Amino acid sequence: MQTRGFRCTVFVAAIFTLVTLDASGQILYWTDGQGKRISRAMTDGTSRQDIITNVPFPSYPTNVYYPVGIALDLTQRKIYWTDDVLQIVSRSNLDGTGKETLVYDAGHSGSIALNLTAQKMYWVDVNADHMRRADLNGQNMEIILAPTPL
């Protein structure tokens, strides 16, 4: 948008939960729990696109309701996210196609991290105060850190 010689980039209103960066492609990806979507844009704010959006519940569990954590696997061209309300961990291609739910009992999840060398994903169940992990395909889920008694 041009206004008297000033360039202004306008973002559509969103509650940004977490953000991650594809530095090589100069693309930001973020979760918007309130808007029930995952979006991306160039690092200068242009080319904004919703890539994962809420769809009616009959399609559960392949939709998104309140995405929180987000991580990228740029080698496999995948995006991973946690959903706090549905208590699932899902992934799709970077363009939002090929959505699949990997973990159905993920707890009230927060952030997610990937260890691509070990082929593992890690996330936090904020209500149970646990850290969990599973293979990148969702198999072999386990609690790896739990609260220690005082």
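Helices (H or I, at least four residues) and strands (E, at least two) are DSSP runs that are numbered from the N terminus. This is a predicted model, in which local features need pLDDT of at least 70 and side-chain atom pairs count only at pLDDT 80 or more, while totals for chains, interfaces and linings use all residues. Residues are numbered from 1 along each chain as its sequence is written, and side-chain values use heavy atoms, with hydrogens and water left out.

View 1. Of its 150 residues, 39% count as buried, buried meaning under 20% relative accessible area (1.4 Å probe, protein chains only).

View 2. Ser39 counts as buried because its relative accessibility is 0%. Its side chain and that of Asp50 are joined by a polar contact of 2.6 Å; such a contact is a pair of N or O atoms within 3.5 Å, of which, within protein, one must be able to donate a hydrogen and the other to accept it, and residues adjacent in sequence count only if both atoms are side-chain atoms. Leaving aside residues up to four places away in sequence, Ser39 touches Leu28, Tyr29, Trp30, Arg48, Gln49, Asp50 and Ile51, where contact means heavy atoms within 4.5 Å.

**View 3. The open sheet of four strands, in the order S7-S8-S9-S10.** The pairing is antiparallel, and two strands pair if DSSP finds at least two bridges between them. Strand S7 (67-73) and strand S10 (100-103) are the edge strands, each pairing on one side only.

**View 4. The antiparallel pair of strand S9 (residues 88-93) and S10.** Three bridges link these two strands, and Ser90 has Thr101 in S10 as its bridge partner.

How values were computed. Buried < 20%, exposed > 50% of the residue type's maximum accessible area, 1.4 Å probe, protein only.
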